[in-house]
Amino acid sequence: MRRLRGAAVRRQKTRPPGDASGLAGLTVKDFEGKDVRLGSFWEDGPAVVVFLRHYG
Amino acid sequence: MQLHRDRDKFAAAGARLVVIGQGTPEQAAHFRESLKLDFPIYVDQRREVYEAAGAKIATFDELLGPKMVARGGAVAAKLGVFQGKTVGHPAQLGGVLVVLPGDDIAYSHLSDDASDNPPNSEVLAAVKAVAPS
């Protein structure tokens with residue numbers, strides 16, 4: 001069962017950006033469904049941005 | 001959840017903790033309530049942020065290979081937290097960025113497989129290295 005729906009067929013490489021300018025204008029939703037601009041998180045100080053693979 | 005346990009350390013170092021998951025706001029709210037987390041969880045339903053951050057899609061082996069199962073099981077047993085139902089893309093991997101005002105990235109770790117997560121101590125050290133004294 002080497003195929004998992006949605007899994008990549010070939011190994012990919014991660015592509016860390018050189019800076020966060022491409023991220024700053026994107027939006028995420030808070031748990032009430034409200035849009036929040038990503039760049040607002042680090043406007044006033046450092047932000048540790050964690051992208052979860054799954055919950056738990 | 002290890003982030004929750006160390007949230008005060010990140011705050012003391014002057015960093016804001018921003019946790020982003022997949023799925024819907026309702027699923028994020030449920031996760032937050034079930035684990036009694038007191039920091040907000042945001043969702044990137046279209047995975048645009050994951051894409052822009054350079055996070056990758058895993059192969060089967062990178063998700064469920066022996067190393068991943070062994071490491072994941074050990075961590076879950078130690079913390080008493082087990083993976084819930086997968087929401088969003090089942091093979092989307094994550095990562096961590098430390099971003100500064102001006103959009104500079106002081107630290108990045110994008111997961112290469114499902115067990116590849118940086119220890120909080122490493123991320124915290126990166127924050128402290130750039131925090132104003």
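Mentor: Two strands pair if DSSP finds at least two bridges between them, where strands (E, at least two residues) and helices (H or I, at least four residues) are DSSP runs numbered from the N terminus. This is a predicted model, in which local features need pLDDT of at least 70 and side-chain atom pairs count only at pLDDT 80 or more, while totals for chains, interfaces and linings use all residues. Residues are numbered from 1 along each chain as its sequence is written, and chains are lettered from A and ligands numbered from 1 in the order in which they are written.

The part to look at is β3(A). β3(A) and β3(B) pair in the antiparallel sense over 5 bridges. Within this pairing, Leu97(B) is the bridge partner of Val49(A).

Next comes the contact between the chains (C-beta atoms, placed from the backbone, within 7 Å). Chain A gives 45 residues to it and chain B gives 66 residues. On the side of chain A that touches chain B, β3(A) provides the largest share, 5 residues. That side divides into 23 nonpolar, 9 polar and 13 charged residues.

The largest nonpolar core has 43 residues, and Val48(A), Val49(A), Val50(A), Val18(B) and Ile20(B) have the most contacts inside it. Again the largest share, 5 residues, comes from β3(A). Such a core is a set of buried Ala, Val, Leu, Ile, Met, Phe, Trp, Tyr and Cys residues joined through C-beta atoms within 7 Å; buried means that 20 or more other C-beta atoms lie within 10 Å of a residue's own. Not counting residues up to four places away in sequence, Ile20(B) touches residues including Val49(A), Val50(A) and Phe51(A).

Technical notes:
A residue is buried if 20 or more other C-beta atoms lie within 10 Å of its own, exposed if 12 or fewer, and partly exposed in between; C-beta atoms are placed from the backbone. Two residues are in contact if their C-beta atoms, placed from the backbone, lie within 7 Å. Ala, Val, Leu, Ile, Met, Phe, Trp, Tyr, Cys and Pro count as nonpolar, Asp, Glu, Lys and Arg as charged, and the others, Gly among them, as polar.
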